[in-house]
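Subject: Structure handover

Hello,

Here is the structure I said I would pass on. Please open it first; my notes on what was found follow below.

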Amino acid sequence: MADWEIRPASRDDVEVVAELRAVVLRADLERLGRYDEERVRQRLRDGFAPAHTWVIEVGGAFAGCVSLRPAEDAHWLEHFYLAPHLQGSGIGAAVLRRLLERCDREGSLVRLNVLQGSPARRLYERHGFTAETEDPVDVFMVREPR
């Protein structure tokens, strides 16, 4: 696994994150008949909250991002994207472990949604997430603190 680090996101990161989102989600959204070139980027721009987002860097270069947004009854894991050439390298699992350890210390439930059929679901299941509800597009998952 490559050396990686996370740093707090800033408003200046929004466009590079929006572009990565479009690349990472394209195959799944096309399979589901939901890919729209502009909408995929705009949804990220509309929901980007730097205060709850970290940028993942590998070798000092942008490699991905992740957000952990506090909510009334849980934290929401959102906008977790890693550059395709780094997927499967262990970096995503390491980042997820770090965030889940933080939530476990706080005794916080973690929620997320993943696209139906996405290979990312296996990563989440390996880290203790279980499906709570589903619809034709999304699987909503939850993880109890440990």
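**A histidine in a loop**

H127 sits in the loop that joins α4 (120-126) to β6 (130-134). Please bear in mind that this is a predicted model. The relative accessible area of H127 is 11%, which is under 20%, so H127 counts as buried. If neighbours within four places in sequence are set aside, the contacts of H127 are A93, L96, R97, L100, R143 and R146.

**An aromatic pair**

The count of aromatic pairs comes to one. The pair consists of Y124 and F129, with ring centres 5.8 Å apart and planes at 70°; since angles over 60 degrees count as edge-to-face, that is the class of this pair. Both residues are buried: Y124 has a relative accessible area of 8%, and F129 has 2%.

**Two packed helices**

Two packed helices are described by the angle between their axes and the distance between the axes. For helix α1 (residues 14-31) and helix α2 (residues 39-47), the angle is about 135° and the axes are 8 Å apart. At that angle α1 is oblique to α2. The crossing of α1 past α2 is right-handed.

Which residues make the contact? On α1 they are V14, E15, V17, A18, E19, R21, A22 and L29, and on α2 they are V40, R41, R43, L44 and R45. Sorted by class, the contact holds seven nonpolar and six charged residues, with no polar ones.

Regards

How values were computed:
Residues numbered from 1 in each chain as written. Predicted model: local features only at pLDDT ≥ 70, side-chain atom pairs only at ≥ 80, totals over all residues. Heavy atoms only, no water. Axes fitted to C-alpha atoms, helices over the stretch in contact; angles between N-to-C directions. Helix = DSSP H or I, 4+ residues; strand = E, 2+ residues; numbered from the N terminus. Parallel < 35°, antiparallel > 145°, perpendicular 65-115°, else oblique. Left-handed = near helix turned anticlockwise from the far one by under 90°. Contact = heavy atoms within 4.5 Å. Nonpolar A, V, L, I, M, F, W, Y, C, P; charged D, E, K, R; others polar. Phe/Tyr/Trp six-rings, centres within 6.5 Å; stacked < 30°, edge-to-face > 60°. Buried < 20%, exposed > 50% of the residue type's maximum accessible area, 1.4 Å probe, protein only.
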